[in-house]
Amino acid sequence: MRIGVSVHGGASLPRVLEEIEDAAAAGFAGVWLGELTLWDPLTVFAALGERAPGVELGTAVMAVPPRHPLALAAQVLTTQAATGGRLSLGLGMSHRFVVEEGYGLPFDRPVRRVREFLDVLDPVLDGREAQVRGETVVGVGGVGAPGASRPPVLLAAHGPRMLALAGERADGVITLWTRPGFLAEYVVPAVTAAGRAPRILVGVNACVTADPDAARRDVAERLAVASGLPSYRETLDRQGATGIEDTILAGDEAVVAAEVRRFAEAGATDLVLFPSGPEADRARTLEVFGDLARAGG
């Protein structure tokens, strides 16, 4: 199992680039950057270029609704070329309040929208032209990007239909706020039902700490809004979890390492760390996960 780390992206651009290089030097297999109304992930990676060699550069995730797949394909292929072919593109529908209130765009038929988006994006990333006139997107044409290779495309998914679409059409799935048992019993079967073997990437909040209860209280407070978002709420309810705090990996080195092993046994191919807690605990957490990453998870 590969272990990567999420970089928040809230610092200055030079500092974000340094954090990516630090993560690569620490042994993490990948660095993942989301939007979160901060720096644009693809532009950040293009600015990084070929620095921090050997580390995967992933978006987790970029929202589908405000983008046209032809325009995104041009940006993706440019970034792929700039980084020496290390990009992985994580896409998702985002959330209703972001799409409707923030962008003023419709959030209806999310599975169809993502499917038709991929109908345009897939051939263009392969160097072909799209000829799509769907219900939610029209895309006709291609992108000239000589020498740029197709990056893996992963879908953020929680519900059964989006998980199935990820297994059917994407190179992998990105999911959050899941525990090992739920991953094995619900996520993995849904994603692999099409008979393929896509990557199963799980984002985990973790804190190596002497006070796991305090770590859970911190997550409960900071991520209270996220715990109530419909797609996350459904995932938590299916697990009988009160909130995101019930999914955090918290405890000493042995406890956290044992939980990481459980994710590997449950079928995760990739684990992405979201370090939590005060600065000292975050540093301790990064050190432990860096050791695990170098050991192959």
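Visitor: How do α7 and α11 run relative to each other, parallel or perpendicular?
Guide: In this predicted model, α7 and α11 are roughly parallel to each other. Their axes cross at roughly 15°, and anything under 35 degrees counts as roughly parallel.

Visitor: Within what distance do those axes come?
Guide: Within 8 Å, taking α7 as residues 180–192 and α11 as residues 253–266.

Visitor: And is the crossing left-handed or right-handed?
Guide: Right-handed, as α7 passes α11.

Visitor: OK, which residues meet there?
Guide: From α7 you have Pro180, Gly181, Leu183, Ala184 and Val188. On the α11 side they meet Glu259, Arg262, Phe263 and Ala266. By type, the contact has six nonpolar residues, one polar and two charged.

Visitor: Where do Trp177 and Tyr232 lie?
Guide: Trp177 is in the loop between β8 (172–176) and α7, while Tyr232 is in helix α10 (residues 230–238), so this pair ties together parts 55 residues apart in sequence.

Visitor: Are those two buried or exposed?
Guide: Trp177 and Tyr232 are both buried.

Visitor: What about Phe182 and Tyr186, stacked or edge-to-face?
Guide: Stacked, because the ring planes of Phe182 and Tyr186 are at 20°, with the centres 4.7 Å apart. Both residues belong to helix α7, four residues apart, which is about one turn of the helix.

Visitor: What's the relative accessible area of Phe182?
Guide: It's 11%, so Phe182 counts as buried; the cut-off for that is under 20%.

Terms used
Residues numbered from 1 in each chain as written. Predicted model: local features only at pLDDT ≥ 70, side-chain atom pairs only at ≥ 80, totals over all residues. Heavy atoms only, no water. Axes fitted to C-alpha atoms, helices over the stretch in contact; angles between N-to-C directions. Helix = DSSP H or I, 4+ residues; strand = E, 2+ residues; numbered from the N terminus. Parallel < 35°, antiparallel > 145°, perpendicular 65-115°, else oblique. Left-handed = near helix turned anticlockwise from the far one by under 90°. Contact = heavy atoms within 4.5 Å. Nonpolar A, V, L, I, M, F, W, Y, C, P; charged D, E, K, R; others polar. Buried < 20%, exposed > 50% of the residue type's maximum accessible area, 1.4 Å probe, protein only. Phe/Tyr/Trp six-rings, centres within 6.5 Å; stacked < 30°, edge-to-face > 60°.
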